[in-house]
Amino acid sequence: TAVKDLLQTIVHSLSKKENKEKVRLQAVDYMDDGSKICLCIDIDGQERKAKFDFTGTSEQVWYNWNAPRSITYSAIIYCLRAMIAHEIPLNQGCMRPIEVILPRGGNVLTSQRLVDVILRAFHACAASQGCMNNTTWGDNQATSYYETVAGGAGAGPNWHGRSGVHTHMTNTRITDPEILEKR
């Protein structure tokens, strides 16, 4: 219900003058190699549903910059929950009013850029670092460690941007030192 209410509120706030029941939001961003991420969001305020259409996004590349369906869905649900003013449960029910159209893909690196594109379409805030920076080390036997690296956060309507902070999809929980010591 909270996601449906959000969609209805967005339509009403964006179409006050025109008194429309449907709104189209669009955003485009590019990866470092020029690959394009396109998003067109059609929101039906009366039905309280939305279609997130990534048609026009560049095809898969040979690099690790592709995003599988699960990462794309995670980025969408993250953004919707971030724009709702109260806590809602994290479950598939949040996605019931959402239809997703996307080309094929495969890696988490692009999740940050997807979040930037989605939030840009909603005019929610400026872009973050746009990359899932990470560091990994270990000996391939007993020890391995993966951690995301902080970049920066875009400014929003009521806040300033910040540098050197974890944002969006990089907001991982660090492994407790005791776990590393045990291994």
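Predicted model: local features only at pLDDT ≥ 70, side-chain atom pairs only at ≥ 80, totals over all residues.

Biologist: How many bridges join strand 2 to strand 3?

Modeller: Strand 2 covers residues 36-44 and strand 3 covers residues 49-53. The two run antiparallel, and aspartate 42 has lysine 51 in strand 3 as its bridge partner. The number of bridges joining strand 2 to strand 3 is five.

Biologist: Which residue takes a positive phi in the hairpin of strand 2 and strand 3?

Modeller: Four residues lie between the strands of this hairpin. A positive phi near 60° is found there at arginine 48.

Biologist: In strand 4, what is the bridge partner of phenylalanine 52?

Modeller: Strand 3 is also joined to strand 4, residues 98-101, by four bridges. These two strands run parallel. Within strand 4, the partner of phenylalanine 52 is valine 100.

Biologist: How many disulfides does the structure hold?

Modeller: A disulfide requires two cysteine sulfur atoms within 2.5 Å. For cysteine 40, the closest cysteine sulfur belongs to cysteine 38 and is 9.7 Å away, so the separation is too far for a bond. The number of disulfides in the structure is therefore zero.

Biologist: Is cysteine 38 buried or exposed?

Modeller: A residue counts as buried when its relative accessible area is under 20%. The relative accessibility of cysteine 38 is 11%, and therefore the residue is classed as buried.

Biologist: What is the relative accessible area of cysteine 40?

Modeller: The cut-off for a buried residue is again under 20%. Cysteine 40 is buried because its relative accessible area is 12%.

How values were computed:
Residues numbered from 1 in each chain as written. Heavy atoms only, no water. Pairing = 2+ DSSP bridges. Buried < 20%, exposed > 50% of the residue type's maximum accessible area, 1.4 Å probe, protein only.
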